[in-house]
Amino acid sequence: MPLTDNSTVLVIDDNPTNLEVLHHALTEVGYEVRVEIDGYNALNQIELQPPDLILLDVMLPDINGFEICQKLKANPCTQEIPIIFMTALINIEDKVTGLSLGAVDYITKPFQQEEVLARVSLHLKMRHLNKTLEIRNSQLQTEIEERQKTEMALHNLVSGTASLMGKDFFPAFVKHLAASLEVNYVFISEKKGEILETLAFWSVDRLSPNFTYKPEFTFTPCKIVLEQGRCFCFSKVREQFPQDIGLQELEVDSYLGIALLNSNQEPIGALCILHDDTIVNQPWFEKILRIFASRAAAELERMQAAQALQNLNQELEARVKKRTAELVQNQEYLRQLTENIDSVFWMTNLDKSQMIYVSPAYEKIWGFSIQELYRSPQQWIEAIHPDDREMVVAGLPQQIRGEYNEEYRIIRPDGKICWIQDRAFPIRDELGEVYRIAGFAEDISKQKQIEETLKLQGRAIAASSNGIVIVDARLPDLPTIFVNSAFEKITGYTAAEVIGHNCRFLQGEDCEQPGVFKLRTALKEGSGCTMSLRNYRKDGTLFWNELSVSPIYDEQGNLSHYIGIQTDITDRIKAERNLKQQSVAMEAAINGIAILDAQEQYIYVNHSHLQLFGYQDQQELLGKSWRHLYDRDELERFESEIWPILLRDGHWQGEAIAKRQDGSTFAEEISLTLIEGGGLVSVCRDITQRKQAEELLKSSLQEKEILLKEIHHRVKNNLLVVSSLLHWQNEYITDPAVSRIFQESQYRIHSMALIHEKLYNSKNLAEVNFTEYLETLAQQLYYSFNIATDRIQLNLELEPVSLNIETATPCGLIVSELIANVFEHAFPDNRKGELYLSLKNEQDRVILTIQDNGVGLPSDFDISQTESMGLQLIDMLSQQIKADLEVITDNGTTFNLIFAELKYRKRI
């Protein structure tokens, strides 16, 4: 049975089927199971509530399993969690990558439940044993430290025996103790299981041979020592323990014994003194005995630890030898692996000045020789695509932290561009210091192409106007597992309402239609089919569904799913029903309608087309070329002018000269449209009378245009006459304020006259070239004010803009007022500065900016509250053209005018 003990297993997989299978299998044997389909959500969940083991899919949509593993292993809080990769990838480099990142195992899809359960159980057991071993090692370390402290204390207390250790210690110890206490017998024994084995035995005046004995009697002093920790009989010991033969043979009267305890206060031996007389100084004997017992216990424990350490060292040496042999073998395997895999395995020193090793795949992928790379370690960077090189170089410092994982392009010597995925990890020495950097670089160009294809397929499915539904053929009643948004739009049902159900509910009660029987037969046989069905939306409305069903088989050739593609053909059904009516309408049309095949021969002509060209019967044209209906000159025009446009755009409409059956010609208006797959549709009509009317209309229009230009010319002249009169009158005015009013009026009249002058000279009488107008107006005002070129610099930034007269006239007045205001007030006392005039056209909105760096306006300036006639005129005209007027008084003055061209009804 697997080790569960409420162990938590986190399954990370974007496949709902895999999640469901694994959740059921693991829960059934007692594990607590959590599932997650999103990689970043999984990382957050692990950080908040770490599981005992993680089953991790490598291929995830947002972040792959290798990156998740790398992040978890870099986090001290999660690095000990065992991770088992699950993937359908079978390349050895993927397994090497997964295991090198710290994963404990690797399961290849499709997996067996028994294999998953066995590996989960194994790695949970290993984790449990590792934790137990860590706890025991910690305890052992603590014990050793405590023993070392005890040995140091004994060194200070008993200097006479401190210099002796091991087998030499105990003989000197019992001799020294016997001499110090002046007793006949001293022995120290080691407990080995149920027996005691003496380490040294002092008898009267010499060392005696060691012996082994078992304190098996019910009532002996040694048994009491081991059970109670001490036994002190200062006299008459033989009377108290008459069954102890040893006491009787030695004829002793007193016995003092104390257990030798290890660091865990467990008896590991005994220290005993025996004397043939009564011991008088009992406290002193007891004190000395305790001191020497502590020292003896420490030495005995040290000796046992040394022996255990020696055994452990021998075991470790054997393991090291075995491991060394395995490493040698693994190095050979690694060499063979790196030289035979398609990925590039590389290794450099820390500052990347030396390439220590690079596998042969470098020559295949980069196209350069390995020797060139050894000579110039930066060669691989120089081959990186210029658009990616800065990103890669910026990421190189992450290599030492094991966080380097970049995708970039390289340019091979033959000009071919390849996509590379490059990962790096640090290599540490015995002290844990990083001294080298290694990594894998692989050509992922095909993978990139596949990813792009998959993304394209995903977008295509999502964006498809056809409803797409996928059902599981392995489950009873073929439940739905996926529908796209087009399915929801066609049927009115949401995906949540459909998932898990058979789609037959779309048939409603109409389940006996012929298409349903065809569908059932195909599903029973495991084959594909296409049929038309009457289906019903969620709101009950009928729609015609052209359903194409195809079976899907897994890698083992077993039927696993069906995919259905829905097409709402309701409109087509209606169109087919209306086709006959349209055919009648085409026959009744007054325009000539004809359809030609790919060989440019007529396959259909309506009655009007026959009449237009003077024919009586369709058979006279069907199967014949259109070319005999036009003269040679017109045919050459078709070939040189019309046909290239038709082939390029798929449509052409214009005029031509056609020829009737009797040889007479007529002007026709013709529309030609190419038919997808070959052929074209021609619609034509006789426009002879219309052409005659157009000629009369053109003659009349030219007369009107001449008259309108003359009107603009005379309006301009009249405005200039008014301006001259104002100028003449101004010469007789002595009041400066009144004189300035006359000058301002002149500027305004000049701006309006300039509009009519531009219209008079324009080919288009409906619009003014406002860009050219502004440039002329600014220059006229510049010279009218006698502005020195070195005092006020005029900067123009004008985009091409044309405005109708209704918009151009008020705009011209606004610009005239603002520029005049700058020249008069912005730069007093001959102050120097700049005037900036900008005109832009953005999204059917015109942006006009007049900006100066002069003295500026007050910070609380409000144009709607001004008393200046010029500024009031600006405010009024801005409202007239429905403009947004913005005034900025920072670092001079800026007027921003944003407006759209006024739309008026066309003039007759």
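Entry 1: I began with the cut-off I needed: a residue is buried when its relative accessible area is under 20%. Asn535 has 2% relative accessibility, so I put it down as buried. I kept in mind that this is a predicted model. I found Asn535 in strand E20, which covers residues 529-536. Which side chain makes a polar contact with that of Asn535? I found Asn545, at 3.0 Å. Setting aside neighbours within four places in sequence, I listed the contacts of Asn535 as Leu506, Gln507, Thr541, Leu542, Phe543, Asn545 and Gln566.

**Entry 2: from E20 to E22.** I then looked up Arg537, whose side chain meets that of Asp568 in a salt bridge of 3.0 Å, N to O. This pair links distant parts of the chain, 31 residues apart: Arg537 sits in the loop between E20 and strand E21 (542-553), and Asp568 in strand E22 (residues 559-568). I noted Arg537 as partly exposed at 22% relative accessibility. Asp568 is also partly exposed, with a relative accessible area of 32%.

Entry 3: How many salt bridges does the structure hold? I noted 35. One of them joins the side chains of Arg690 and Glu655 at 3.4 Å, N to O. Arg690 is in helix H23 (residues 688-730) and Glu655 in strand E25 (residues 651-659), so I was looking at distant parts of the chain, 35 residues apart. I recorded Arg690 as partly exposed at 29% relative accessible area, and Glu655 as partly exposed at 32%. Glu655 and Arg690 also belong to a network of salt bridges with Glu669, Arg685 and Lys691.

I looked up Asp686 too, which forms a salt bridge with Arg660, the closest N and O atoms being 3.4 Å apart. Asp686 is in strand E27 (residues 680-686) and Arg660 in the loop between E25 and strand E26 (665-674), so this pair ties together parts 26 residues apart in sequence.

**Entry 4: the cores.** Which residues touch the most other members of the largest nonpolar core? I wrote down Phe823, Leu848 and Phe899, out of 43 residues in that core. Among the elements that give two or more residues to this core are helix H25 (770-784), helix H26 (805-826), strand E32 (845-852) and strand E34 (893-899). H26 gives the most, with 11 residues. Beyond four places in sequence, Leu848 touches residues including Leu774, Val815, Leu837, Phe895 and Phe899. Another core, of 31 residues, lies apart from this one, and Val186, Ile273, Ala297 and Leu300 are among its members.

**Entry 5: a valine in H5.** Is Val116 buried or exposed? I noted Val116 as buried, with a relative accessible area of 2%. Val116 lies in helix H5 (residues 113-157). Not counting residues up to four places away in sequence, Val116 touches Leu22, Leu55, Ile107 and Phe111. Between the C-alpha atoms of Val116 and Leu55 I noted 9.2 Å, with 61 residues separating the two along the chain.

Entry 6: In soluble globular proteins, nonpolar side chains tend to be buried together. Leu312 is in helix H11 (residues 282-340), and I recorded Leu312 as partly exposed at 38% relative accessible area.

Notes
Residues numbered from 1 in each chain as written. Predicted model: local features only at pLDDT ≥ 70, side-chain atom pairs only at ≥ 80, totals over all residues. Heavy atoms only, no water. Helix = DSSP H or I, 4+ residues; strand = E, 2+ residues; numbered from the N terminus. Buried < 20%, exposed > 50% of the residue type's maximum accessible area, 1.4 Å probe, protein only. Polar contact = N/O pair within 3.5 Å; in protein donor to acceptor, adjacent residues only side chain to side chain. Contact = heavy atoms within 4.5 Å. Core = buried A, V, L, I, M, F, W, Y, C linked by side-chain atoms within 4.5 Å. Salt bridge = Lys/Arg side-chain N within 4 Å of Asp/Glu carboxyl O.
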